[in-house]
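Good morning, and thank you for making time for this presentation.

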Amino acid sequence: SLPVSLPAIHLHPHPHPTPNLKSCYAEPSCPGLPPTCPGEPAFTSYLEKGTKGCVDYIFHSAGLEAAQRLEMLPVEMLRQYGGIPNMGWSSDHLALVADLHFRPQVLDE
């Protein structure tokens, strides 16, 4: 078999390395967001014996805004079930969901 050379993967810490993109969950005001989950989620992956942190994001351009976001599960619930995946949650990542709307354009008068 031929040797395979894979490119190096460079993980960038949040904020996203492209400055013109914004994270839906980092936006300070979102009318559809309950007050119990402000800002980036504390975690999107919660392995009982492994990663516990925010490793997933939804980025958007300046022409869009987050109208609603899905609230994250409480950490107490994940601890109670031994993290994810488990018998009721088959993925090791929690879903991020956002409704994006186009920002109204301000016209010069």
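What percentage of the 109 residues in the protein chain do buried residues make up? The value is 24%. Please bear in mind throughout that this is a predicted model.

Let me begin with confidence. The average pLDDT of the protein chain is 76, and 70% of the residues score at least 70. Residues 1-12 call for caution, as pLDDT stays under 50 there. For that stretch the model has one contact beyond four places in sequence.

I turn now to the overall architecture. The protein chain contains one helix and six strands. Read from the N terminus, the order of elements is β-β-β-β-β-α-β. If we take the contacts between residues at least 6 apart in sequence, 74% of them join residues at least 24 apart. As for the surface, the protein chain exposes about 8,200 Å², and carbon and sulfur atoms supply 60% of that area.

Which residues make up the largest nonpolar core? There are eleven in all: Cys24, Tyr25, Phe43, Tyr46, Ala66, Met72, Val75, Leu78, Ile84, Leu94 and Leu96. I shall take two of these residues in turn.

Phenylalanine 43 has partners in several stretches of the chain. Setting aside residues up to four places away in sequence, Phe43 touches Lys52, Gly53 and Cys54, as well as Met72, Leu73, Pro74, Val75, Leu78 and Leu94.

Leucine 96 lies in the loop between H1 and E6. Is leucine 96 buried or exposed? Its relative accessible area is 18%, and the limit for a buried residue is under 20%, so leucine 96 counts as buried. Beyond its neighbours within four places in sequence, leucine 96 is in contact with Tyr25, Pro41, Thr44, Asp56, Tyr57, Ile58 and Met72.

With a relative accessible area of 31%, tryptophan 89 is partly exposed. Leaving aside neighbours within four places in sequence, its contacts are Leu73, Ile84, Leu94 and Ala95. Proline 85 belongs to the loop between H1 and E6 as well. What kind of peptide bond joins isoleucine 84 and proline 85? The bond is cis, with omega at about 0°. For context, most peptide bonds are trans.

Serine 23 is part of strand E1 (residues 22-23), and at 6% relative accessibility it is buried. Its side chain makes a polar contact with the side chain of glutamate 40, at 2.7 Å. Serine 45, for its part, is found in strand E2 (residues 45-46), and its relative accessible area of 3% makes it buried. Here the side chain reaches the backbone oxygen of aspartate 92 at 2.9 Å. Not counting residues up to four places away in sequence, serine 45 touches Thr51, Lys52, Gly53, Val55, Asp92 and His93.

Finally, the charged side chains. How many salt bridges are there? The count comes to one. The bridge is formed by the side chains of glutamate 65 and arginine 103, with an N to O distance of 3.3 Å. This pair links distant parts of the chain: glutamate 65 sits in strand E5 (residues 64-69), whereas arginine 103 sits in the segment after strand E6 (98-102), 38 residues apart. Their C-alpha atoms are separated by 6.1 Å. In general, side chains of opposite charge can pair when their charged atoms come close.

Both partners are partly exposed: glutamate 65 has 27% relative accessibility, and arginine 103 has a relative accessible area of 31%. Apart from residues up to four places away in sequence, glutamate 65 touches Glu27, His60, Asp99, Leu100, His101, Arg103 and Pro104.

That concludes the presentation, and I thank you for your attention.

Conventions
Residues are numbered from 1 along each chain as its sequence is written. This is a predicted model: local features need pLDDT of at least 70, side-chain atom pairs count only at pLDDT 80 or more; totals for chains, interfaces and linings use all residues. Side-chain values use heavy atoms; hydrogens and water are left out. A nonpolar core is a set of buried Ala, Val, Leu, Ile, Met, Phe, Trp, Tyr and Cys residues joined through side-chain atoms within 4.5 Å. Buried means under 20% relative accessible area, exposed over 50%, partly exposed in between (1.4 Å probe, protein chains only). Contact means heavy atoms within 4.5 Å. A salt bridge is a side-chain nitrogen of Lys or Arg within 4 Å of a carboxyl oxygen of Asp or Glu. Helices (H or I, at least four residues) and strands (E, at least two) are DSSP runs, numbered from the N terminus. A polar contact is a pair of N or O atoms within 3.5 Å; within protein, one must be able to donate a hydrogen and the other to accept it, and residues adjacent in sequence count only if both atoms are side-chain atoms. pLDDT is the predictor's confidence in each residue, from 0 to 100. Accessible areas come from the Shrake-Rupley method with a 1.4 Å probe; for residues, only the protein chains shown count as cover.
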